Amino acid sequence: MKIAITGKGGVGKTTVAAILARLYADEGRPVLAADVDPDANLGMALGFTAEEMAEIIPISKMRELIAERTGAGDETFGKFFRINPKVDDLPDKLAKEKNGVRLLLLGTVETGGTGCVCPEHVMLRQLLAHLVLRREDVVILDMEAGLEHLGRGTAGGMDQFIVVIEPGERSVQTYRQVVKLASDLGVKKVRVVANKVRNAEDEAFVRSRIPEEALLGVVHYNGEVQEADRSGKSPYDYSEQTVAEIRAIKARIDNEE
């Protein structure tokens with residue numbers, strides 16, 4: 001199972017990604033969770049401490065490694081480099097494990113709105129493409145709202161594109177933008193998880209805006225998730241209700257596998 005989870009900042013996609021990862025790990029499945037969001041919070045949502053996270057360097061910032069694998073030296077960095085660097089050994093070398101989930105902190109590359117053909121970007125895209133090919137792993141990508149790192153081949157290998165939204169027009173617009181981006185990459189099916197749903201009116205709003213076949217499920221607002229965040233803990237260990245709701249979403253995902 002290969003799942004890319006995206007959405008605008010603050011909607012709770014990292015909570016969904018982390019709980020899904022831990023649910024798969026609880027089944028004894030090998031799980032690799034990759035954080036590709038510039039606001040990298042997946043590690044703490046999986047149960048890593050702030051001190052542990054401070055010691056992890058994002059792969060996009062590993063200049064020596066990128067230079068070694070792409071052949072981009074100090075004088076040629078950003079000009080001449082290999083576009084297919086070796087990355088197949090990196091997940092096992094660099095991933096850190098907690099609660100049965102291996103975390104890869106990919107980091108991100110500023111693209112300036114026009115795209116970036118640079119060693120860092122090539123490295124991340126090659127690594128993501130490799131993750132999708134790792135047959136033995138459940139791979140969960142915690143993405144930013146854009147899909148810039150995913151090439152056509154990589155996107156085509158994903159089993160699920162999931163947009164996490166909250167009840168609001170801005171969030172729904174993000175979903176529509178992701179549908180367009182995914183379509184440009186050849187992906188026709190984009191699913192939705194509605195998070196932070198507080199009442200019947202919120203749920204009715206979501207169902208009026210999202211096609212029924214696209215809605216994987218609803219996760220209700222839960223103060224225990226915010227308490228976990230304030231405490232720097234995994235929401236998986238704080239909220240039985242939220243875990244149960246995401247377990248039901250996972251069952252729908254698995255039934256389509």
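Residues are called buried at under 20% relative accessible area, exposed at over 50%, and partly exposed in between, with a 1.4 Å probe and protein chains only. By that scale, asparagine 99 counts as partly exposed because its relative accessibility is 35%. The structure is a predicted model, in which local features need pLDDT of at least 70 and side-chain atom pairs count only at pLDDT 80 or more, while totals for chains, interfaces and linings use all residues. Residues are numbered from 1 along each chain as its sequence is written, and side-chain values use heavy atoms, with hydrogens and water left out.

Backbone angles make a friendly place to begin. Most residues other than glycine have a negative phi. Asparagine 99, although not a glycine, has a positive phi of about 55°. Its place is in the loop between β3 and β4 (101-105); here helices (H or I, at least four residues) and strands (E, at least two) are DSSP runs, numbered from the N terminus. Lysine 196 is also a residue other than glycine with a positive phi, near 60°. Lysine 196 is found in strand β7 and is partly exposed, with a relative accessible area of 24%.

Charge pairing comes next. Side chains of opposite charge can pair when their charged atoms come close. A salt bridge is taken as a side-chain nitrogen of Lys or Arg within 4 Å of a carboxyl oxygen of Asp or Glu, and the structure holds 15 of these salt bridges. One of them joins lysine 98 to glutamate 52, with the closest N and O atoms 3.1 Å apart. This pair links distant parts of the chain, lysine 98 lying in strand β3 (residues 96-98) and glutamate 52 in helix α3 (residues 50-54), 46 residues apart. Lysine 98 counts as partly exposed at 23% relative accessibility, and glutamate 52 is partly exposed with a relative accessible area of 29%.

Glu68, Arg69, Asp89 and Lys93 are linked in a network of salt bridges. Arginine 69 counts as buried at 9% relative accessibility, and aspartate 89 is buried with a relative accessible area of 17%.

What does a search of the whole structure find for aromatic pairs? The search finds zero, where rings of Phe, Tyr and Trp (its six-membered ring) pair if their centres lie within 6.5 Å, with planes under 30 degrees apart counted as stacked, over 60 as edge-to-face and the rest as tilted. Charges do sit over rings, the criterion being NZ of Lys or CZ of Arg within 6 Å of the ring centre and within 35 degrees of the ring normal. Arginine 198 lies over the face of tyrosine 221, at 3.9 Å from the ring centre. The charged end of lysine 250 sits over the ring of tyrosine 24, 4.5 Å from its centre.

The largest pocket has a volume of about 610 Å³, the volume being the space filled by probe spheres set on the points, which are joined across faces, edges and corners. The lining of the largest pocket has 30 residues, of which Gly12, Thr14, Thr15, Asn41 and Asp229 lie nearest its centre. At least two lining residues come from each of α1 (13-26), α2 (42-46), β7 (191-197), β8 (215-220) and α10 (223-231). Among the contributors, α10 gives the most, with four residues. By class, the lining comprises nine nonpolar, 13 polar and eight charged residues, with Ala, Val, Leu, Ile, Met, Phe, Trp, Tyr, Cys and Pro taken as nonpolar, Asp, Glu, Lys and Arg as charged, and the others, Gly among them, as polar.

Two aspartates complete the picture. Aspartate 35 lies in strand β2 (residues 31-36) and is buried, with a relative accessible area of 1%. Aspartate 39 is found in the loop between β2 and α2 and counts as exposed at 51% relative accessibility.

How values were computed:
On a 1 Å grid over the protein atoms alone, a cavity is a set of points where a 1.4 Å probe fits but cannot get out, and a pocket is an open set with protein on both sides within 12 Å along at least five of seven lines; lining residues have an atom within 4 Å of a point.
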